[in-house]
Structure formats: C-alpha cells, structure tokens
Amino acid sequence: MKKILMLGASYLQVPAIKYAKEAGYHVITADYKPDNPGHYWSDEYHNISTVDKDAILLLAEQTEIDGILSYASDPGAPTAAYVSEKLGLPGNPYRSVLTLQRKDLFRNFLKEHGFPVPESRSFTSEPEAEVYAEFLLKSGSVIVKPVDSSGSKGVTRIENRSELGPAFQKALTFSREKKVVVEEFIHRRTYQMDGDGFVWNGELIFSCFGTQHIDDGCNLYVPVGSSFPYVEEEEIQRRARQQVNRVMGLLGMRVGGLNIEFITSQDGRVYLLEIGPRSGGNLIPEVIRYATGVDLIRYAVEGALGKDCSDLQPAGCKGYFSSYLLHARRSGTLQSVRIDDQIRKHIVEETFISRKGEKVERFDGSHHILGTYILQFESKREMLEKMDRMHDFISAEVA
C-alpha cells in the first residue's frame, strides 16, 4: 500500500485526504492543529507544523512515504518540494516552488524574464517602505501585502502616505518572513481571474479560468467566490496560458496543481498576479469538476505519488457553476444563516464550518470562512448578477 503525507488537514484539505483514503492509500496528515477535520479521515496524524521543513523531512523518512502533497495550502508547498527533492520523490524543484510561493521572489522573477509586472519592492523596514510608497503614490494607489501569506490575508490598498503605517504593520502580522511587498496598483478592465491549472513535465496541460467575486461590505481584496467560465474573451485567456506555460518551463516545474490569478489592465496587458504551486482553495477544484468533468483533486494526489498524468486533456465548461464562501460582515456571535428562496434552487452543495452561538470575525481572509457553497446557474449573465450581490441571498446573521 502506497503512503502519502498530506501537509495540512483543514476543511480545505479534506477533499484530497478523502480521495487518497478512498483510493486505498495509507494517508498520513501533519499540521499543528489536532482538531482539524482532515485528521479524522487519515490513518495517522502527527503534530508538526507544515512549515517546519526538517521536522517534516524526518517524519517522511521515518514513515517511508511514497509521496507528499500540500493540497490547497501555500505555507506547506515549499516544504513538500523540499522533502520530495531530498528523498527523490515525485515533485518540483524547491527553489522554483519557493519562487512561486513568495510574492517578492515571483515579482523579481517576472521582471527578470520580461513579463508585464507592476512596480514592486519588498521591505522589512517601515520607514524604507514609506519612502517607496510615497514615490508610487504619485502615480496612483498602492497595494501593501505580506510576501508569503495565502488567502489574501493582510492585503491593503492605500491612497496616501498616512495609511502606509497601519497597512505595513497589518501585512507584517501575516508574514512568516516578516517582509512586506509594496507595489503599484494596476487598474483592471474587468473582473480578476481566479482559477486552477495542472502542470506536467514543464507544460500547462490543463487550465480552467474563473471570475473572482468580492463582497464590497468587507475587504475588497479578499474573494468570496469564483464563477466559471471566466468573463474575458478567449484571446486574453490564451495569452495568459502562454505566460503561465513559459513560467512553468523556465522554472522546470514537473507535476502538480496550480492556483492562477491574473488581471487584464485597461490597456489590454495581462498581468500574472500569482501562480500558487498548489491546487486552489475555496472549492475551486470542486467547482471545476462540476463545470468540466475533470477531477483535479485526483490528479493532484496521483501526481504526488508518481502517476503518469499525461492523459489529462483540456476541457471547456459545460455549465455555469460557482463557489461562495459564507462570511460575516462584522464580528460578533453567529445567530443564523439566512438563505433567500430565490437562491435555494441553485445550491448544489453546502458545508457549515461555524455553528450558531460561536464567536465569528469580520471577513478579512480565508481564515474567517464560516461555510461554503457550490451553486449552479442557467446562464453566465444570471450567475454574474447573483454572485455580485450574493450577500442579498445568503448571509450570516451576527449579533
């Protein structure tokens, strides 16, 4: 029986853990939270942080694993690459994964290789960041974010110098490296893209792009859902795929899921914002499975165990599907979840993470999700209209 070590066992990792278990593999989970739900599905659990590379390496050696996977989790992705490289397991080069995972390294990589990229620098010192921010603010807004957080945690847009201090300290709080990116804000012409892909032997062999949605009653840089297919014309998507493909080749990426985000500027340039070296969280692979019939969860697990993934073929969307993250617009005690009758018929799946009477926080990152939904619509127009005002249909009532 093959053994796979899964880094992380939150509700986001459960789909991959369940697949691996049901496929007949011996599943080992590791993280620092014994109460995470994924541990109930695994064969064994070890209380080790997923960012402790050497401790995870020792565990991998002791348990004689055949593969390691950080599914839907940025922090564990470099660790998975580090262990696979050390032990000769299926995976990707450690330095390449780190380049993708770290926003400062990725921006530098894009600039070095001639990709469209916003003006950007990283800082450990607030005074130095303030000088650079003042320079960028002469031309427009500025984004301040941690170099290494996931789920849009710690991201702030600022309009003047006085806002830099609080934004910098917020970003610093979410950075393990204690380093913050300050970069030019690019005005996009339409929705940001948030979707997934799969790389095999240095080539993007599958991708499915979706439309990212936000709740204007919360943090405008934290998505509350994604809808498929994407709104941009195919030519834009083709150019984005070309860029991602080139990145994969330059970095020598071999196998695994990717979470991809890009925007198109008002002058038509495609900017790659992120290529996360792992499958997307927030139900993106699950929604893609509904929309295309392609099971990226299966490929992520099997690829980590050395399966030949060359049979994965491109597939278009055959319907209109979305994910939605239940969240609170303010902190307090969860009283109930209101679901309007207009939206009930569209719900395909629903999962509740928080319960009535629990303390909840205002939505400011993926760590504040209260539940999840997958929805199906009759048309793209209906999907966009409802997703853009989903809080009117599904909302957490907080006292």
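**Close-up 1. The buried residues of helix 3.** A77, P78, T79, A80, A81, Y82, V83 and S84 are the buried residues of helix 3. The model shown is predicted. Helix 3 spans residues 77-87, and eight of its eleven residues are buried, so the rest of the structure largely encloses it. Its buried residues pack against strand 1 (3-7), helix 2 (53-63), strand 4 (67-69) and helix 4 (94-101). G88 follows helix 3 and has a positive phi, near 70°.

**Close-up 2. The crossing of helix 1 and helix 10.** The axes of helix 1 (residues 14-22) and helix 10 (residues 296-304) come within 9 Å. They cross at roughly 65°. The two helices are therefore roughly perpendicular to each other. The crossing of helix 1 past helix 10 is right-handed. On the helix 1 side, the contact involves P15, A16, Y19 and A20. These meet I297, R298, V301 and E302 in helix 10. Six of the contact residues are nonpolar, two are charged and none is polar.

**Close-up 3. The aromatic pair F209 and F262.** The model has ten aromatic pairs. F209 sits in the loop between strand 10 (203-208) and strand 11 (211-213), and F262 in strand 13 (residues 255-264), so the pair ties together parts 53 residues apart in sequence.

**Close-up 4. An aromatic cluster.** F123, Y132 and F135 make up one aromatic cluster.

Conventions
Residues numbered from 1 in each chain as written. Predicted model: local features only at pLDDT ≥ 70, side-chain atom pairs only at ≥ 80, totals over all residues. Heavy atoms only, no water. Buried < 20%, exposed > 50% of the residue type's maximum accessible area, 1.4 Å probe, protein only. Helix = DSSP H or I, 4+ residues; strand = E, 2+ residues; numbered from the N terminus. Contact = heavy atoms within 4.5 Å. Axes fitted to C-alpha atoms, helices over the stretch in contact; angles between N-to-C directions. Parallel < 35°, antiparallel > 145°, perpendicular 65-115°, else oblique. Left-handed = near helix turned anticlockwise from the far one by under 90°. Nonpolar A, V, L, I, M, F, W, Y, C, P; charged D, E, K, R; others polar. Phe/Tyr/Trp six-rings, centres within 6.5 Å; stacked < 30°, edge-to-face > 60°.
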